[in-house]
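Visitor: I would like to learn how to read a structure like this one. Please take me through it step by step.

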Amino acid sequence: MARMTPETRTRLEGFKAVKVKHPRLDEVDQQVTQAIDEHAGYTHLLLYGPSGVGKSTVIRRIAERFCVDEPHPARVPVVLIEARPSDTGTYVRLDYYRQVLRALKAHVVVKELLVNISTTPTPTRGSRHVTEWLDLREAVEHALERLHVQAVVIDEAQHLMQVAAPLKPADQLDWLKSMTNRTNVLHVLVGTYDLCDFRNLHGQAARRGRDLHFPRYHVDTAIERQEFVGALRYLLEHVPLPCDVNALLAHWRWFADCSVGCVGILKDWLVQTVAATLGEAGATLTHEALARHALQPAQRVRLEVEARAGEQKVEVVNATGYEQLQALLGPPASPRSVPLLPLASPALPGPGAPSMPSPDERSPDSTKRRRRVGQRAPARDPVGGAAPAPLAPKCAFAGAIDIDPRRLQHRETHTIECPACGAVRTVPLQGDGVRFPTHPPLRTRTTKDVTRWIRQDAVWTLWEKSQ
């Protein structure tokens, strides 16, 4: 392939700078931005998803926007670093300190801190003394606090959790928690589905952490197919080469299969094809050129297997957590069994008013007339036919529920379990919402061997009967 001219290089760089806006990326962007603006006491946010879905793209976009919107030049709202695998096979926290200080070294505050501190390793010494580590940590904490940093975003954070004995992954989260306690900085850990394993390592980590799944597109669902095709159209319209957009869009299924439903992979594929076409002095972007630069079948198999395994891991973890919680708490209490508390305390008797007699004063012989458990109290039997049984009360859970109907369509399961009483109902989809029908409360808690949607905390998760 011939080398590109400066003019073609400029055209290619312009296409590489195109920022694809699509619903999944915008949704993750909004949630991460909200967490950075106010993390409400939690210390870390785990952002995970398949390779090539656009995780690095979204965090770079967030970091750039925060820095542009910051009016004060002496403040750095977001610091973006990357957890690099260590040469020894485990992550060393010293690399975190170095990267943070180097990212902030342009500011006067950090320059003053680095006068007596070196961020480069000493070649004559095998390891740093413990006081040097403490000096670096204190310098980082002081810099984060003085520059009003709101978040440190760590890309490829699965390497951060690789530690050597006697350390454990939970120790890494405790370390980040201590950093947050000193600086009030949120740590956003971005990486593969391996981060899902570190969600709730212990109670404190569960309370002080949150997680966010960045899924790929599944084009078998109508809405997700429409969103993926919209991102594909946007990219094709910005290609710096003439191309028949409508003809290429007719092969949307092929684009989705070759990119495994990930817009990041799709963008890289188009950039590589455009670069090759420009280098060969090609006139147009063709289907044949795209086919030559598509991922090989073995590569797609690997990506597809890992994506499916990660998605299954997320669903299983959510469903298992819900089942364990139900086993600990037991079945929900019936409305009849919950005692009603008085709205107000009874008024105390005024001066001179006779006091209410105690139960013993009202019935001195009550201790002698105690009935055995299950013994019927004396009463007159009713005359005539039996009174009609009262109507069974309705369960309090009914009406519109916060679950996306697209998820029901995609998984082809419309069966939902009531989180209040455990009743299972098949819900028809009507319009853009999902409504759970009015129903009597389930009196007995029985095991239902049926695939259904269950609610864990505020998240609806698919529970499959094979689990």
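Visitor: In which strand does Glu417 lie?
Guide: Strands are DSSP runs of E with at least two residues, helices are runs of H or I with at least four, and both are numbered from the N terminus. Glu417 lies in strand E7, residues 415-417. This is a predicted model, in which local features need pLDDT of at least 70 and side-chain atom pairs pLDDT 80 or more, while totals for chains, interfaces and linings use all residues. Residues are numbered from 1 along each chain as its sequence is written, and side-chain values use heavy atoms, without hydrogens or water.

Visitor: Is Glu417 buried or exposed?
Guide: Buried means under 20% relative accessible area, exposed over 50%, and partly exposed in between, with a 1.4 Å probe and protein chains only. Glu417 has 5%, so Glu417 is buried. In the protein chain, 39% of the 467 residues are buried.

Visitor: How are two packed helices described?
Guide: By the angle between their axes and the distance between the axes. Axes are lines fitted to C-alpha atoms, for helices over the stretch in contact, and angles run from 0 to 180 degrees between N-to-C directions. Helix H9 (residues 222-237) and helix H12 (residues 263-279) have axes that come within 11 Å and cross at roughly 25°. Angles under 35 degrees count as roughly parallel, over 145 as roughly antiparallel, 65 to 115 as roughly perpendicular and the rest as oblique, so H9 is roughly parallel to H12.
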